Amino acid sequence: MGQCGITSSKTVLVFLNLIFWAAAGILCYVGAYVFITYDDYDHFFEDVYTLIPAVIIIAVGTLLFIIGLIGCCATIRESRCGLATFVIILLLVFVTEVVVVVLGYIYRAKVEDEVDHSIQKVYNEYNGTNTDAPSRAIDYVQRQLHCCGIHNYSDWRNTRWFKESKNNSVPLSCCRPNISNCTGSLSRPGDLYPEGCEALVVKKLKEIMMYVIWAALTFAAIQMLGMLCACVVLCRRSRDPAYELLVTGGTYA
């Protein structure tokens, strides 16, 4: 009965190690996606909120690959030291993922305040040139999220660029894609996106944070199962005489 339990636990553990390798790739992909996507919105958000979740999740993904390698070697060789190391590292990664979840919820709650604080400044820095980073960021967001202005297209009236240009128009990135010959003129509001960008940027960033949170929670649950199986193998290996004799090549009288 004990042998059956050990064998089952080892089989599950080997399977989980394979999952860890797959999870490592997925987490690195998610981290890279978060990093790249946040980079498109970094003018609307503080760098600390941009970098920390992405860096942590990429680091966890890299560590999971190493964990999978250690776990496979320890399980195949039935190394008590290797399995103990495997459990300790899993526990550390589990704690890290709990931290990621907590930070994710904290940052998610602060997204709206951060965007509200910075978006007006970014729009005031717009000058309509592709060489200017804030201008590129605003044009990208307006095209990508199909929005115009902070709350709506009329917000452009209060920007420095609008007052200096004196052409009663908004950037062409506000134009709907199905409208031909759109000049961004406020005299033709039907050509422009009616929704403002602030709410959509907040929504996008919150969605990204939820991806991070759910990814961390999912792999934390897998790691809990991995730690449980490793502990079962370790405990049975220490307490089951039949298993000790089987490993050492002895006979059981």
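Student: Helices here are DSSP runs of H or I with at least four residues, and strands are runs of E with at least two. In what order do the elements of the protein run from the N terminus on?

Tutor: The model is predicted. From the N terminus on, the elements run α-α-α-α-α-α-α.

Student: OK, and how many helices and strands does that come to?

Tutor: The secondary structure comes to seven helices and zero strands.

Student: Take 83–107. How much of that span is helix, and how far apart are its end C-alpha atoms?

Tutor: The span is 100% helix and 0% strand. Its end C-alpha atoms lie 36 Å apart.

Student: Switching to rings. How many aromatic pairs are there?

Tutor: Rings of Phe, Tyr and Trp pair if their centres lie within 6.5 Å. By that rule the count is four aromatic pairs. One of them joins tyrosine 126 and tryptophan 156, edge-to-face, at 5.0 Å centre to centre with 70 degrees between the planes.

Student: Where in the chain do those two sit?

Tutor: Tyrosine 126 is in the loop between helix 3 (80–124) and helix 4 (133–145). Tryptophan 156 is in the loop between helix 4 and helix 5 (160–165). They are 30 residues apart, and the pair links distant parts of the chain.

Student: Why does tyrosine 126 count as buried?

Tutor: Because its relative accessibility is 4%, and buried means under 20%. Tryptophan 156 also counts as buried, because its value is 0%.

Student: What about tyrosine 126 and tryptophan 161: how are those rings arranged?

Tutor: They form an edge-to-face pair too, 5.4 Å centre to centre and 90 degrees between the planes. This pair again links distant parts of the chain, with tryptophan 161 in helix 5, 35 residues from tyrosine 126.

Student: Are tyrosine 126 and tryptophan 161 buried or exposed?

Tutor: Both are buried.

Student: Which residues do the ring pairs link into a cluster?

Tutor: Tyr123, Tyr126, Trp156 and Trp161.

Student: Back to the whole protein. What share of residues is buried?

Tutor: Of the 253 residues, 43% are buried. The protein exposes about 13,200 Å², and carbon and sulfur atoms supply 63% of that area.

Student: And the contacts with a separation of 6 or more: what share joins residues 24 or more positions apart?

Tutor: Those residues account for 71% of them.

Key:
Residues numbered from 1 in each chain as written. Predicted model: local features only at pLDDT ≥ 70, side-chain atom pairs only at ≥ 80, totals over all residues. Heavy atoms only, no water. Phe/Tyr/Trp six-rings, centres within 6.5 Å; stacked < 30°, edge-to-face > 60°. Buried < 20%, exposed > 50% of the residue type's maximum accessible area, 1.4 Å probe, protein only. Contact = heavy atoms within 4.5 Å. Areas by Shrake-Rupley, 256 points an atom, 1.4 Å probe, with all protein chains shown as cover.
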